[in-house]
Amino acid sequence: MSRTRLLNPGPVTLTERVRGALTREDLCHREAEFAALQLDVRGRLERIYDGVAGAYVAVMLTGSGTAAVEAMVGSLVPKNGHALVVANGVYGDRMAQMLAAQGKRFTVVAADWLRDIDLAAVEQHLASDASITHVLSVHHETTTGRLNSVAALGALCKKYDRAFLLDGVSSFGGEDIRFEEWNLEAVAGTANKCLHGVPGISFALVKKSVFAARASGATSVYLDLWRHWKEQQGGWSPFTQSVHVVYALQEALAEMESQGGWRARCAEYARRAGLVRGVLRELGVAYFLEDGERASSSILTAFAVPAHVTYDALHDGLKARGFVIYAGQGPYLGKMFRIAVMGDLTATDLDELAAGLRAIIAPAG
Ligand SMILES: Cc1ncc(COP(=O)(O)O)c(C=O)c1O
């Protein structure tokens with residue numbers, strides 16, 4: 001059977017082990033079996049990064065990555081708070097849209113989407129405006145594949161003692177995240193990107209002390225992390241969870257543990273990205289980011305569509321060979337293509353991808 005290999009930034013190509021979990025027995029989310037399953041998955045999420053278990057708690061939501069980010073922003077930025085949104089792409093902008101929808105006070109430190117986040121401007125704001133309670137940013141800005149300088153941003157949050165809320169949706173499980181060192185109050189993630197699960201479950205890892213210190217100020221009934229956490233401590237859930245997707249996440253996390261955790265996954269992505277970049281370099285295709293080689297995550301790389309090929313020709317040619325790549329968003333539509341290397345990709349898959357890229361790009365070049 002031919003497989004479609006997804007090179008878009010999630011959902012990813014599933015392993016047979018994870019796909020198989022979707023056919024496990026039906027469960028009621030109000031029965032003890034589901035409680036045990038959810039407690040197990042929450043524990044695994046808390047153990048991915050060193051020093052997290054005990055200090056942070058995983059709260060699981062049925063919904064895509066945006067649900068987790070919106071729950072984090074809606075539950076943790078107080079109604080009388082002031083958020084500093086540090087943005088350089090679609091997902092940073094989306095956090096500002098959430099704050100606007102929630103009627104909360106926020107200031108945006110915007111950088112050009114082709115540049116790193118603006119740390120100098122952030123420091124100016126933090127040094128001069130004591131009303132800022134939270135700093136919000138995106139770890140891996142999937143718009144361009146840039147791995148933002150969140151370690152330096154976290155150091156500023158620590159220095160000025162402000163809580164840091166991180167959108168880790170496209171990095172969680174595939175890149176380093178330093179919870180205490182970066183002053184993180186919470187990180188939002190999802191099942192179906194670097195964790196290699198099925199779309200439908202997302203989560204936030206929230207500093208435990210926050211739940212103890214504040215009452216829920218959530219601006220949403222459904223996306224209220226407090227409400228979920230209160231019940232999830234016993235394995236329960238206030239609303240229906242996506243049971244089979246949770247089975248699949250359990251299997252995906254067990255698989256990741258057996259493969260060496262986030263470090264091994266990060267190294268594997270780097271190896272795969274190196275192969276893809278090597279082929280495209282050989283074909284004369286440029287990185288979309290000027291500092292692409294240094295600035296890009298291993299998870300996803302953005303390239304410039306070569307002048308002699310259209311994005312559609314590249315996409316359709318690769319799709320005919322069983323690969324799905326991703327277009328540029330907004331201003332980059334037609335000019336950029338993105339290749340992510342998450343999911344179940346074999347050496348044969350990467351060889352076939354290289355052959356496809358050569359066949360489509362080289363002849364006209
Ligand atoms: C950094 C980042 N944040 C948030 C999201 C939104 O996730 P979803 O599409 O699962 O809602 C994405 C999706 O690609 C993302 O890359």
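**Group meeting: a walk through the model**

Okay, let's start with Asp161, which sits in the loop between α6 (150–159) and β8 (163–167). Helices here are DSSP runs of H or I with at least four residues, strands are runs of E with at least two, and both are numbered from the N terminus. Before I go on, this is a predicted model: local features need pLDDT of at least 70, side-chain atom pairs count only at pLDDT 80 or more, and totals for chains, interfaces and linings use all residues. Residues are numbered from 1 along each chain as its sequence is written.

Back to Asp161. Its phi is near 55 degrees, a positive value in a residue other than glycine. Most residues other than glycine have a negative phi, and most peptide bonds are trans. Is Asp161 buried or exposed? Asp161 is exposed, because 8 other C-beta atoms lie within 10 Å. The cut-offs, with C-beta atoms placed from the backbone: 20 or more others within 10 Å is buried, 12 or fewer is exposed, and in between is partly exposed.

His196 also has a positive phi, near 65 degrees. This one is in the loop between β9 (184–190) and β10 (201–207). With 29 other C-beta atoms within 10 Å, His196 counts as buried.

While we're on the backbone, Gly10 and Pro11 are joined by a cis peptide bond, with omega about -5 degrees. Pro11 is in the loop between β1 (5–6) and α1 (16–21).

Now the ligand. It is surrounded by 14 residues, and the closest include Ser64, Gly65 and Thr66. The shell splits into five nonpolar, eight polar and one charged.

α3 has 12 residues and runs 17 Å from its first C-alpha to its last, close to the expected 16 Å; the expected span is 1.5 Å times one less than the number of residues. Of those 12 residues, 11 are buried, among them Gly65, Glu70 and Leu76.

Zooming out, there are 13 helices and 14 strands. Of the 365 residues, 49% count as buried.

The protein is divided into domain 1 (5–10 + 261–361) and domain 2 (16–258), with bounds from an automatic or database domain assignment. Their contact takes 22 residues from domain 1 and 23 residues from domain 2, where contact means C-beta atoms, placed from the backbone, within 7 Å. On the domain 1 side, α10 (261–282) and β11 (300–304) each give two or more residues, and α10 gives the most, with five.

Last stop, Tyr311, in helix α12 (residues 311–320). Tyr311 is partly exposed, because 18 C-beta neighbours lie inside 10 Å. Leaving aside neighbours within four places in sequence, Tyr311 is in contact with Val305, Ala327, Gly334 and Phe337.

Notes: A residue is near a molecule or strand if its C-beta atom, placed from the backbone, lies within 6 Å of it. Ala, Val, Leu, Ile, Met, Phe, Trp, Tyr, Cys and Pro count as nonpolar, Asp, Glu, Lys and Arg as charged, and the others, Gly among them, as polar. Two residues are in contact if their C-beta atoms, placed from the backbone, lie within 7 Å.
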